[in-house]
Amino acid sequence: MANATLTPRRSQLTKGKLPSYAMWVVLAASVVLGAALAAVVGFSIVPWALFSALIFIVAGTVVTAVAEGGRKAKNRLALFLIYGAFLVALLPLLSVIWTVLERGVPGLTYNFLFTSMNGVTGAVDNQTVAEGTPVLGGAYHAIVGTLQITLWATLISVPIGLLTAVYLVEYSTGGHLARAITFFVDVMTGIPSIVAGLFAAALFGQIFGPGTRTGFVAAVALSVLMIPVVVRSTEEMLKIVPNELREAAYALGVRKWRTITRVVIPTAISGIASGVTLAIARVIGETAPILVTAGFASSINWNVFGDWMSTLPTFIYYQILTPTSPTAIDPSTQRAWAAALVLIIMVMLLNLAARLIARLFAPKTSR
């Protein structure tokens, strides 16, 4: 009797529902039909994917409407569109990563990473192409320049941005000064990078004379671009710290500055680290301000306060725009793609470092 009673209930619960494998069957059929239609117009990956996606969306929605009703069909259509938008947004990123890996990995050699372009001429590249020998010359000087300039830009930007955000959130009462700071931060957020480079070049030109180009001038230019990002991200992270934490510290007699340094900032350190990483990623690939402020060098320069300095973006720019050998551009192209791969790896390492810092310094939630 019990089994006879339960059987109708189970059927009522599963009635009008598609089995879990139904959408996979529809997807498989859509892929097959998409391949057939793509073959009619000339088979390639792009039309195959487009036809398969369209057939799957239409067929999946129709099958759901027939089996589960119009309400579930509308919900599933919205779900398909959301997933489709995500995939469309993901495709350019995957395409860029695949292209850079495909073209950059062959040039990522020990010689490329630990030698500079000092002494490498067009004749060297011509001989490399003629004899089929490994490409000489690398981006060691550009890697060193990128790390030094980015480090100094971070040292300038993070304290200024962090203290500005602390003032706006913790000390400001919404007066004229706070509104002025907020306005200028908004303006600086959209400033073109070349303007920041011209500003730094003009500033140091007035102080040390025209034509002053050093790595530190470039760091100042990049800090102009970094500061508004650091201010905005840090400000938003400080705002989401619960006021109860501040009030609890004040109730224990803790001073305001100590509450900020011991309670507020550690609570928001995860978001602050992410914001700083975003700011670094924003400027590490800049080319125009570096060309204006630091110039370009083919040898290693360890002194950020003297002489011209190269970075990976300017290295890529010159290798593509003015190949070392105009008649044999393959070695220069290989160096450019390898430098692009190194730049992407550096950004990825920065993101991993930010996550590690956030995990190490985040407040403990349990004993």
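One cavity of 30 Å³ or more is present in the structure, which is a predicted model.

The report now turns to the domains. The protein chain is split into domain 1, covering 20–106, and domain 2, covering 122–361. Seven residues of domain 1 and six residues of domain 2 take part in the contact. Taken over C-alpha atoms, the centres of domain 1 and domain 2 lie 39 Å apart.

The size of an interface is often expressed as the accessible area that is lost when the parts come together. The values for this interface are tabulated below.

| Quantity between domain 1 and domain 2 | Value |
|---|---|
| Buried area | about 590 Å² |
| Share of buried area from carbon and sulfur atoms | 80% |
| Salt bridges | zero |

On the side of domain 1 that touches domain 2, the residues comprise four nonpolar, two polar and one charged. Within the area that domain 1 buries against domain 2, Val100, Arg103 and Gly104 account for 69%, more than any other three residues. In summary, carbon and sulfur atoms give 80% of the area buried between the two domains, while the count of salt bridges between domain 1 and domain 2 is zero.

Definitions and conventions
Residues numbered from 1 in each chain as written. Predicted model: local features only at pLDDT ≥ 70, side-chain atom pairs only at ≥ 80, totals over all residues. Heavy atoms only, no water. Domains from an automatic or database assignment. Contact = heavy atoms within 4.5 Å. Buried area = accessible area lost by both parts, 1.4 Å probe. Salt bridge = Lys/Arg side-chain N within 4 Å of Asp/Glu carboxyl O. Nonpolar A, V, L, I, M, F, W, Y, C, P; charged D, E, K, R; others polar. 1 Å grid on protein atoms, 1.4 Å probe; cavity = no way out; pocket = protein on both sides within 12 Å on 5 of 7 lines; lining within 4 Å. Points joined across faces, edges and corners; volume = space filled by probe spheres on them.
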